[in-house]
Amino acid sequence: MADNAQEPQADQPKTKNQIKNEEKKKEKLAKLAAKQAKLAAIATESTDKKKAKKPKAEKEAAPVVEEYVNKTPKGEKKDMSEEMAANYNPKIVESAWYDWWLKEEFFKPELTAEGKPKPEGLFVIPAPPPNVTGSLHIGHALTVAIQDALIRWNRMLGKTVLFNPGTDHAGISCQAVVEKKLWKEEKKTRHDFGREEFVQKVWEWKEKYGNRIYEQFYRLGSSYDWDRAAFTMDPKLSKAVIETFVRLHREGTIYRANRLINWCVKLNTALSNLEVDNKELTGRTLLSVPGYDADEKFEFGVLNEFAYEVEGTGERIVVATTRIETMLGDTAIAVHPEDARYKALHGKFVIHPFNGRRIPIVLDDIAVDMSFGTGAVKMTPAHDFNDYEVGKRHNLEFINILNDDGTFNENAGPFKGMKRFHVRVAIVEELKKKGLFVGVKENPMVVPVCNKSGDIIEPLMKPQWWVDCKDMANEALNAVTDNKLKIFPKTSEADWFRWLGNIQDWCISRQLWWGHRIPAYYIRLEDATGIQEGDLWVSGHNEADAKAQAEAKFPGKSFTLEQDPDVLDTWFSSGLWPFSIFGWPDNTEDLKNFYPTSLLETGWDILFFWVARMVMLGIKLTGEVPFAEIFCHAMIRDAHGRKMSKSLGNVIDPVDVIEGISLQGLHDKLYEGNLDPREIKTAMSGQKADYPAGIPECGTDALRFALCAYTSGGRDINLDILRVDGYRKFCNKLWNATRFAMMKLGDNFTPRPDTKLTGNESLADKWILHKLNKAAIETNKALEDRNFMAATNIVYNFWIYELCDVFIEIIKPICDANTEGDEKAALAKRSSQDTLYTCLDHGLRLLHPFMPFVTEELWQRLNRRQGDATISITKARFPVEDPSYNNDEADKEFDLVFSIIKAARSLMVEYTITKNAKVYVQVNNPNVAKILSYETQSITTLAKGVSEVQVLQSGDELPVGCALYTITEEINVHLLVKGQVDIESEVQKLQKKIANVDKSKQGLIKKMNVSDYENKVPADVREANDTKVKALEAELDALNTSIAHFLKLKE
């Protein structure tokens, strides 16, 4: 047999198929020759025309595609009477609906007649307030996608739902924006106007530009109750800020102290840790610094080593520092008490080379690592956070050498008045002159940079207001431990315990004019002898209240009050957000109805800076945890996993994804920032690599769905625009499926008044309703678990793989059939239509939280059931479990049908048969045969290219010349291949299959023949093995039968 297989094909008789294929090949070659002759003639004619130098005909202008203009009057409902467009267009679909939703007040919380939340439940999200200076970025889009999905879902569950929007006054950013604007337009600083007039200028800017981000949120379909939009400096919220400060100050939680803070020279203010970026350097790096000439660069990423001379000896001690200019404020040299190199220097002093100051050598086993550097560490407690702690431990002198403007003060001696980084250069030269400079070594380091100005941060001693956080932090920890507060994902919960367990006090002073001015007043007594500075401060709700406090503190003494010029950290007012928006400290109806809230959703990167403070202040001031749950979303990165950066060109503007943008458009936007030419060139290369054809128009729905589909509980999302575009295609599939389905329903279709089963449902009807019910159950469960990836996958799979790919295909011939005079066919058609309507209606509702626009557009196309007055899908009930739809039997039976379809498809692919295929299903079980006999039309419909399906029972004769596919020991699928295949080759394939199946059988029997098999192996495993053996034996029988059939064809 093997020798025959190697003989040349030419020596074998040709089959009909081979002869037919050769004839087709000849036809193709003839057509190709004719085409080439025609092209040659055209080329000759073209050459002749060129020789004649005839004038070129002008190219016909391409048809102009008119830009879509929304003609729906603002706030009116879109006209749905027009015929559905042939294709989905996000711009058209997403127009008009949002204005109508707002006008109809669908986003307002529904209360009972008594003004209380509905019995179905309450769900409230205090939307994180973006900066009033901000514009929409991809993080906002992710936040809205997640939050609004939960809001719309809960609203559709019938609950009282409130999504409360607002903006943050963004003290530093907003003041900087207005200062730049005034300088650009009038060449004036804020000091030219004075505080009161400048603040008024900021308010004017806010009223004019501050709501731009609201308009951008409209684009995302955020279902906020806009009438409740709050601003952190509104009177209501400002009242809460003043009350909080006064209350916490009077009880001692807020106190005043002279401590180290992060100082930004450029902005001239203290900063929170959140406003400081840590720039990692791998070694020596030259950096530009704001406030210096553009061509000036300063050295970072190095250790400068220099020597101090030990008093009264000829010895020197060498120290190393990354900030050599701070040596002017050194007040100690620390060594490890066990370091033998310095035992003889314990208790001695060194002499400062520029001012002669005696500097003690102190012993510290906490701050000093003997193995690092020289083992001797210079201490500048007034300008370094680590040194500050050493200074407190050893009671060192704290010497400030820096003015607020970044110049050095009188404590710097000969360097007084010089800029800090000019001192860095000068001091090295002076140390060299004195013979004290030792050398420079490269040193990987982290440089703290202001993320607002790009300036290098300086640790600086200043008297500021601080919040003692320890007790409040313990309460916040207990809230999680006691299950009063849930944090998702679990990694963020671990972060919560780690950070709050090591919390530091919070500096809340900011040296700005824009913001909540600190309601603290300095009491300037005529005689303050013997009184500590901290005791000369009082707080008050207003000046009169402060005056009363001062009088009570210093009865009978003459004084004047001076309010602190500083403002509070923006995070202080933001920390009150969940309850200040409802009118706290007043006991308002809103506070009673909506607080505590349900959920706070935000990025994990501000879990501590904002969320933890809300929890601490909420418990402290209201006695309740401000929300029941914290959900931390991931950080969005590009498709390669890189952090988004303008200099890389990988920043994604959600509006560009919604509307689409060309590659040139992306390039043009790079010039709107402050990138230097080299960075622009790099960014352009990145854009060209990632978006060679630009970004396609995806629409809001596709973007929202994609962002939810990415959200799985991880800390990073690698956003691929191609995937977003894939979901735009999904929208197109929805559009086409609904459009097609409505044609099958017909213009006069009236849905039944309810969704109850009629008893006329086919197996396909029962199956798809079972799948719909399963999708509803699992989607609700996924949303309850905050598993947005699972929720979107469930709905997507239902629509694509179950409704579109299967059910709609199956019912095509049923709905297209002429049912006149055929009651059975009419009932089947109506049942299919009713089922289709229910699937469309409920399927769109399942999608709505993720894709609000396209679902509203399509849902409005559906006729309403009798008695259903719901006017918008936003108010339609979200599908929940319907026990009558649960049908595991139908699911199992339809899986059987699918197995036949898959087997037929597999055989057709294997034997390259694409049409007029005849399939025979051989069944040895009468019940199964009956089921499959009813479903032959479904099999024919879904197995494309199959023209006939016959179900054969035991004893029925199978046609000769069939290929085999075994499903179970009871079911074999056969494909008639007689006359279309090489018999010898097919017999060889079957023999190979027999060898493999027999090998599997023998291996299983060997396992079953081990000693003490009956006792060692569990009964269920033994039973499964017996079933497998029977199935393999049945398959062997069927394969041998097939060989026999093929061999008969040779006779």
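At 53% relative accessibility, glutamate 185 counts as exposed, because the cut-off for that class is over 50%. Glutamate 185 is found in helix H6. The model is a predicted one. Between the C-alpha atoms of glutamate 185 and tyrosine 292 the separation in space is 23 Å, and the two residues are 107 residues apart in sequence.

Glutamate 186 also has its place in helix H6, which spans residues 171-186. With a relative accessible area of 33%, glutamate 186 is partly exposed. Glu186 forms a negative surface patch together with Glu196, Glu197 and Glu204. Helix H8, residues 195-209, gives the most to this negative patch, with three residues.

The loop between strand S3 (166-167) and H6 holds alanine 170. Its phi is near 50°, a positive value in a residue other than glycine. Alanine 170 has 5% relative accessibility and so counts as buried. Asparagine 395 likewise has a positive phi, near 55°, and is a residue other than glycine. Asparagine 395 sits in the loop between helix H11 (385-394) and helix H12 (420-433). At 71% relative accessibility, asparagine 395 counts as exposed, whereas alanine 170 counts as buried.

Two cis peptide bonds are described next. One joins phenylalanine 488 and proline 489, with omega about 0°. Proline 489 lies in the loop between strand S19 (486-488) and H14. Another joins tryptophan 584 and proline 585, with omega about 15°. The loop that holds proline 585 runs between helix H17 (577-580) and helix H18 (589-594).

Side chains of opposite charge can pair when their charged atoms come close. A search of the whole structure finds 61 salt bridges. One of them joins aspartate 505 and arginine 259, at 3.7 Å from N to O. This pair links distant parts of the chain, 246 residues apart. Aspartate 505 is in the loop between helix H14 (490-500) and strand S20 (506-507), and arginine 259 is in strand S5, residues 254-264. Both aspartate 505 and arginine 259 are buried.

A salt bridge also pairs lysine 771 with aspartate 891, whose closest N and O atoms are 3.3 Å apart. Lysine 771 lies in helix H25 (residues 763-784) and aspartate 891 in helix H29 (residues 888-910), so the pair ties together parts that are 120 residues apart in sequence. Lysine 771 is buried, and aspartate 891 is buried too.

Arginine 864 and aspartate 868 meet through their side chains in a salt bridge of 3.8 Å, N to O. Arginine 864 is partly exposed, with a relative accessible area of 21%. Aspartate 868, at 27% relative accessibility, also counts as partly exposed. Elsewhere, salt bridges that share partners join Lys108, Asp225, Asp227, Arg228 and Asp590 into one network.

Helix H23, residues 700-710, is mostly covered, with 11 of its 11 residues buried. The buried residues of H23 include the charged Asp701 and Arg704. Among them are also Leu703, Phe705, Leu707, Cys708 and Tyr710. Thr700, Ala702, Ala706 and Ala709 belong to the buried set as well.

Serine 938 is found in helix H31, which covers residues 936-942. Serine 938 is buried, with a relative accessible area of 8%. The C-alpha atoms of serine 938 and valine 897 are separated by 8.1 Å, although the residues are 41 residues apart along the chain.

Residues 982-1043 are listed by UniProt, in an unreviewed entry, as "domain: Valyl-tRNA synthetase tRNA-binding arm". In the model, this span is 89% helix and 0% strand. The end C-alpha atoms of residues 982-1043 lie 13 Å apart.

Technical notes:
Residues are numbered from 1 along each chain as its sequence is written. This is a predicted model: local features need pLDDT of at least 70, side-chain atom pairs count only at pLDDT 80 or more; totals for chains, interfaces and linings use all residues. Side-chain values use heavy atoms; hydrogens and water are left out. Patches are made of residues with over 30% relative accessible area and no salt bridge: like charges are joined within 9 Å, nonpolar side chains (Val, Leu, Ile, Met, Phe, Trp, Tyr) within 5 Å. Accessible areas come from the Shrake-Rupley method with a 1.4 Å probe; for residues, only the protein chains shown count as cover. A salt bridge is a side-chain nitrogen of Lys or Arg within 4 Å of a carboxyl oxygen of Asp or Glu. The place of a charge is taken as NZ of Lys, CZ of Arg, CG of Asp or CD of Glu. Helices (H or I, at least four residues) and strands (E, at least two) are DSSP runs, numbered from the N terminus. Buried means under 20% relative accessible area, exposed over 50%, partly exposed in between (1.4 Å probe, protein chains only). UniProt positions are given in the numbering used here, feature names are shortened, and annotations may be inferred rather than shown by experiment.
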